[in-house]
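Welcome! Please take a moment to look over the sequence and the 3D view before reading on.

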Amino acid sequence: MTNAEAYDRGFAHLSCHTVGPLLAKACPGRAPRLLDVGCGTGVVTAAALALGAEVTAVDADAAMLELAARRHPYATVRLAALPDLPFEDGRFDAIAGNFVINHVPDTRAALAELHRLLSPGGTLALTWWKGDEMTATNVIADAIAEAGIPYGPPVRPFAAHDTPSRFTALLTEAGFGEPAVECVRWRHQVDLATWWTDVVAAGGARFGTIADRPPEVAERVRAHYLRLAAPYEQDGFPVCAYLATARHP
């Protein structure tokens, strides 16, 4: 289970940069019945509620869901995960997923489920990281390597589908129309020491194991991280995400 408070201070602050573009694609017209899938601590939910949407938020992590429910009492919050969501066919006018599709175990099955849940004419918007431009976390992975620590980040099935051409092909295969993918770039400006603390404290399969190392080992990794991250202290980490959109015919 993730440390929800640390995640909210760290990763949620990073991922909130795509919320505006994501909802602009998912909710181009009237306030919809919107599903925030993989809601985390609720950054998309908060913004969608502010637009007047009727929001249902789901996540697989109970701690993050509890935080989202406490902060956003006007949203319907459910513990659930792709590819099996407990809603009837065509329940939603729009679906937004901010950095969740890259975590699912079966991308095809997840997209088929999202297609099932959209009403005719409904809009899907999904984001995922462009791995070679994800400096904010790549510097931590590089620090682990420079510290000489064995490190094998989890292999995710989504890696086989994470280019625009491959993903638009999957959207078409799932029955969606008008598939498109664009890039969203920004600078993640954050205190370097705070970013390290929050990412490590959040837990998770990729960097949570740093906290389990002996203190002297963790400190060695941190020293390498601070050195590698120093060039980004003033202007922030350059980051890029993909934003995919499609419609239910």
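The largest cavity has a volume of about 50 Å³. Keep in mind as you explore that this model is predicted. How many cavities of 30 Å³ or more does the structure hold? The count is 1.

You can find this cavity by looking for the residues that line it: I144, I149, P150, Y151, T209, I210, R213 and V221. By class, that lining divides into 6 nonpolar residues, 1 polar and 1 charged.

## The largest pocket

Now turn to the largest pocket, which holds about 1400 Å³ of space. Its lining is made of 47 residues, and those closest to the pocket centre are F99, N102, H103, W129 and R156. Sorted by class, the lining has 27 nonpolar, 14 polar and 6 charged residues.

Which elements give two or more residues to this lining? They are the helices α2 (11-15), α4 (43-50) and α7 (135-146), together with the strands β1 (33-37), β2 (54-59) and β5 (118-134). Strand β5 gives the largest share, with 4 residues.

Next, have a look at strand β4, which spans residues 92-98. Is this strand mostly covered or mostly open? It is mostly covered, as 7 of its 7 residues are buried.

Strand β4 pairs with β1 in the parallel sense, over 3 bridges. To see this pairing in the model, find L34, which stands opposite A94 in β4. Strand β4 also runs parallel to β5, and 6 bridges join the two. Here G97 stands opposite L126 in β5.

## A glycine in β5

Is G131 buried or partly exposed? Its relative accessible area is 47%, so G131 counts as partly exposed, a class that lies between the 20% and 50% cut-offs.

What separates G131 from V239 along the chain and in space? The two are 108 residues apart in sequence, while their C-alpha atoms are 9.1 Å apart in space.

Terms used
Residues are numbered from 1 along each chain as its sequence is written. This is a predicted model: local features need pLDDT of at least 70, side-chain atom pairs count only at pLDDT 80 or more; totals for chains, interfaces and linings use all residues. Side-chain values use heavy atoms; hydrogens and water are left out. On a 1 Å grid over the protein atoms alone, a cavity is a set of points where a 1.4 Å probe fits but cannot get out, and a pocket is an open set with protein on both sides within 12 Å along at least five of seven lines; lining residues have an atom within 4 Å of a point. Grid points are joined across faces, edges and corners, and a volume is the space filled by probe spheres set on the points. Ala, Val, Leu, Ile, Met, Phe, Trp, Tyr, Cys and Pro count as nonpolar, Asp, Glu, Lys and Arg as charged, and the others, Gly among them, as polar. Buried means under 20% relative accessible area, exposed over 50%, partly exposed in between (1.4 Å probe, protein chains only). Two strands pair if DSSP finds at least two bridges between them.
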